[in-house]
Amino acid sequence: MKQSIVWILVFGVWSLTGRAMAQEPIMYLHFEHRVGKDTLELMNKTYINAHNEPFTVNKFKYYISNIVLRDSMNKAEAYPGTYLVDEADKWSKFFAIGELPHFNPRFIEFTIGVDSIYNVGGVHTGSLDPIKGMFWTWNNGYVFAKLEGQSDSSHAAANYFMYDVGGYKQRHNATRKVKLEISHTLIHSGTLTIKADLLKWFQAVTNISIGQSSLCHEPGKFAMQLADNYATMFSVTEMK
Amino acid sequence: MKVFKAISALLCFIIFGAAFIVVSKPKKLKFPVPKGWAQPVYDFKSNPITQEGFELGRKLFYDERLSKDSSISCAGCHQQFAAFSTYDHNLSHGFNNSLTTRNAPSLQNLAWQKDFMADGGIMHLDLQPLAPMTASNEMGETIETIVRKLNGDTSYKRMFSAAFGDVTINTQRMNRAISQFVLMMVSSNSKYDRVMRKQDTFNLPQQLGYDIFKRKCTSCHKEPMFTDYSFRNNGMALEKTLNDYGRMKITQDKNDSLKFRVPSLRNVAVTAPYGHDGRFFSLSNVFEHYRDKMVVGPTTDSLLKKKLPLSNFEIGQLTAFLQTLTDTSFLKNPLFAPPGYNITPSFIHNH
């Protein structure tokens, strides 16, 4: 009797430690939000865009999905999962995507937006729960990225400007793929820090001024222009 | 060793017993597919209908707390005696004395419908409740607050647990429960259905009306659903206050300007007023529109380019036929009445 209990205990301890030791190092992504040279601060700080328009930011969030790490020989590791990065939620900007790849990644690719299958297949949970406020209930589909704030240049009520970008249907597809070069080497436990510069929303592919267009609330041409712009906002800054 | 055996036997017994209590499985409900109808398009595998889920859905459907000031439930605008449309209202009443911009559609046979709303903007039945819940001129509430309200109510915790296995309350479960309730709203027992099943016969005006219907109406109002679910411009001119261009708002394609979904005509006699904005007060207004008042524009349906000629005689017979689409057993089915009632009580009538 006693013997069998001892054996059970030994087995239990062995299986627990074994699992812990077998765990692979984890790959983390860390998103850092900047406005030009400044770090983004919600609500209080006023920034100036390329068209000399002052603005504050109340909300800044976006979906990241289909993450792929690649080495120079095109060996790839794909990470499923859709992540909502929200400036207002510290822990949404730093998250694990899975195990570190067994090669030195030279490129990271990801999609800004949500796969079309999730836009149509009923109500989803987790980061895709419509409770997150990133879902259009009257014209179904996810808001892929949201930049909202106030600006004296805006002609909308209370000087708001609201850029809610989405659209998964072919003609108005606002998902954008991003590919960034990683110039350092990832060893064992890795955190990749990616910087996002909000100023690109206003000037990159197309010039977008708050004075001219202060609202985007549906898929379409303007949403796609905003998407083209913000697809350029990311860069890899550092490796640890 | 005896002690060991006894202990393990007892352990087995406890585990087995506990499993029985904790995992008392929800009772499956059979979804009725009427004879001769196509298979439903709703994916029942992802959301099987159970007694517990159905009852939870019914409670949610009739719960006014889902709105911002606890004044409007789903049932406020979807009343059973009006085939779950709003009785006698062109537009429905929303939060804070607001009005909706469209006539509330009847709810029936939803398992056969792929997309929803007069403009088809909603792609899945489970997503549909989110629109009225959050629209400022309907229930005016946020999803976050609704889920918080439900979490603060022990009876909901008990019911979610019974329906889905644990106490988690989230958007998905809430909406799946509502879907389970509204999916069961199958209307297939009107006089028309009984005649088709050879259990009844039309009287002369009804039969003549059916013949006219088959010649002039079925290309859009296709049997047995009495809609082909398409979006068409039937010559209703733009209403200048509402400025509602219908399907074009969703597709942003100017060819879809002023197109709205062909509504089902099942229970049509009890769902007045008619039209996407409820501009037609009675069936005779609708017939008058088709034969005379229609505005033919560039996107008007090709079948209606010359309007729809109808004689007074034909209108009379058609009206007689349309009345055979009323399914009283559906309008009075106690299964769909508020929890604890056999028939919708008068307090639901106030919207």
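## Two domains in chain B

Chain B splits into domain 1 (51–186) and domain 2 (191–328), with bounds taken from an automatic or database domain assignment. Their C-alpha centres sit 27 Å apart. Where they touch, domain 1 of chain B puts in 21 residues and domain 2 of chain B puts in 23; contact here means C-beta atoms, placed from the backbone, within 7 Å. On the domain 1 side, that makes seven nonpolar, 11 polar and three charged residues. For those classes, Ala, Val, Leu, Ile, Met, Phe, Trp, Tyr, Cys and Pro are nonpolar, Asp, Glu, Lys and Arg are charged, and the others, Gly among them, are polar.

## About the model

This is a predicted model, with local features needing pLDDT of at least 70 and side-chain atom pairs pLDDT 80 or more, while totals for chains, interfaces and linings use all residues. Residues are numbered from 1 along each chain as its sequence is written, and chains are lettered from A and ligands numbered from 1 in the order in which they are written.

## Where chain A meets chain B

Chain A brings 15 residues to its contact with chain B, and chain B brings 20.

## A look at Arg70(A)

Arg70(A) belongs to strand E4 (residues 54–70) of chain A, strands being DSSP runs of at least two residues (E), numbered from the N terminus. Arg70(A) is partly exposed because it has 19 C-beta neighbours inside 10 Å; 20 or more would be buried, 12 or fewer exposed, with C-beta atoms placed from the backbone.

Beyond four places in sequence, the contacts of Arg70(A) include Lys75(A), Pro105(A) and Phe107(A). Glu32(A) is 38 residues away along the chain, and its C-alpha lies 22 Å from that of Arg70(A).

Terms used. Helix = DSSP H or I, 4+ residues; strand = E, 2+ residues; numbered from the N terminus. Contact = placed C-beta atoms within 7 Å.
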